[in-house]
Amino acid sequence: MIQSNTKSIVSETEKANGDQHDRCHVTPWRIAQIQALMDLPFTDLMHQAQTIHCQYHDASAIQLSTLISVKTGGCPEDCGYCPQAARYHTGVDSQDMLSPDTVVTAAQAAKAEGATRFCMGAAWRGPKQRDIDRMTEIIGAVKALGLETCATLGMLRPGQAEQLKQAGLDYYNHNLDTSPEFYGEVITTRDYQDRLDTLEEVRRAGINVCCGGIVGMGESRLARAGLIAQLANLDPYPESVPINYLVQVEGTPLYGTEALDSFEFVRTIAVARITMPKAMVRLSAGRRQMSEAVQALCFLAGANSIFYGDKLLTTGNPETDNDKALFQKLGLRAL
Ligand code: SAM
Ligand code: DTB
Ligand code: SF4
C-alpha cells in the first residue's frame, strides 16, 4: 500500500516538473513524499535508487576526496557532535593554522594516492579577513597542483566567498546537518538561517555547493526526511552531498547516543540519491565504524564519493590500503 502510493506520488511529481531529476526543479519535494520513500521496503528503495543512479552516473566509479584540518580545535561554537568545540573536553587541543608548505605537501601526497579533490577544514565560527588572506594563498597553491579545491571554514560574510572563488576555490562545504526542527537539539550558537545565508553567499560567488548532514544523532526518521527535503529543495540542489554517520567522540554531548541501525543510514543515502540524482553523494564520516558490507550497500544505494586517507579532520578514517582492497573486491574504480 505504502509502496504503490509512494511510486505514484513520485511519478505525479515527475510529470508536474517535466523532469523532477533536473537540477532546477519547479515543484519542491514535500516531506511526506520523502518520508514515503524512506518507508519503502528496503529492496524497493534500493531498486529505485539504483535505477536513478545508473541513469545519471557510472555506478562503478567513485570520486575520492582527501581531508585536512588546516586549523584544529578551540572553536567557539557548540555543535553537539564536534570534538573541536573548545567547550567540550575531548582531548583535541587548539592548534595554530598550518603553514602553506605543510598543506601543499599533504595535497601532493593526496594526489599521488589518487584523490582528485582536496578539502581543507578550519575550526572557526567563520573566517576573519586575515584568515581569508592566508586561505587564498593556500587554495591557489593547491589548485596549481591540478587538484579540485574545497574548503569548509564556517559562516561566510558578504564578499568573502568572492575572494575564495578568485583564489581558485571549486567547492565550499557547509552542512545543514539535520532538519530545521531537530537542529536546536544539537546547535544553539548559530541558527538554520545562518547556514542558508552562507550557502547563498557561496552560490552567488559561483562556487559549487557541498552541503549535507549527519545522521545518528538521535533524530527520528522524520528528521532525516526533513534534512533531505531541505537539501533537495535548495535551488539548485548541491553538487556534492556529504552524508556523515555520527562519529561519537567522548566528551561531546552526543557521545553515548544510541547507535543508529545501519539500514537507516543506507536508506538516507538512497533517498539522497533519488531526490538529487545529479549530485555526487558522499559516504562521509563514520566509515571506520561500518563493515565493508554496509559500505557496499551504500555504494549500491547511490553513494559515489568517499573521504579517502587515514584521517578525517580529527578522527580516523579507513587506511587507504583497506579502501584499495575494498574497491578491488567490489570492482569499483576511482574517478
Ligand atoms: N567549522 C566549520 C563549520 O562547522 O562549518 C567547518 C568544519 S566542521 C568540522 C564540518 C562538518 O563536519 C560539520 O558541519 C559536521 O557536519 C561534520 N562533523 C563534525 N564533527 C562530526 C562528527 N563527530 N561526526 C560526523 N560529522 C561531523
Ligand atoms: C563533512 O561533511 N564531513 C567532513 C567534512 N565535511 C569537513 C568532516 C567530518 C568530521 C568528522 C569528525 C572529525 O574528524 O573531527
Ligand atoms: Fe566549530 Fe565547525 Fe565543530 Fe561546529 S562543527 S564546533 S563550527 S569546528
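Modeller: Start with element names: helices (H or I, at least four residues) and strands (E, at least two) are DSSP runs, numbered from the N terminus. This is a predicted model: local features need pLDDT of at least 70, side-chain atom pairs count only at pLDDT 80 or more, and totals for chains, interfaces and linings use all residues. Residues are numbered from 1 along each chain as its sequence is written, and side-chain values use heavy atoms, without hydrogens and water.

Biologist: Which element gives the largest share of the lining of the largest pocket?

Modeller: A pocket is an open set of points on a 1 Å grid over the protein atoms alone, with protein on both sides within 12 Å along at least five of seven lines; lining residues have an atom within 4 Å of a point. Here H4 gives the largest share, four residues.

Biologist: What is the volume of the largest pocket?

Modeller: A volume is the space filled by probe spheres set on the points, which are joined across faces, edges and corners. Here it is about 220 Å³. Among the 13 lining residues, Thr 66, Leu 67, Ala 106, Gly 309 and Asp 310 are closest to the centre.

Biologist: Which backbone atoms make polar contacts with ligand 1?

Modeller: A polar contact with a ligand is a pair of N or O atoms within 3.5 Å. A backbone N or O atom of Tyr 81 lies 3.0 Å from a ligand nitrogen.

Conventions
Chains are lettered from A and ligands numbered from 1 in the order in which they are written. A polar contact is a pair of N or O atoms within 3.5 Å; within protein, one must be able to donate a hydrogen and the other to accept it, and residues adjacent in sequence count only if both atoms are side-chain atoms. On a 1 Å grid over the protein atoms alone, a cavity is a set of points where a 1.4 Å probe fits but cannot get out, and a pocket is an open set with protein on both sides within 12 Å along at least five of seven lines; lining residues have an atom within 4 Å of a point.
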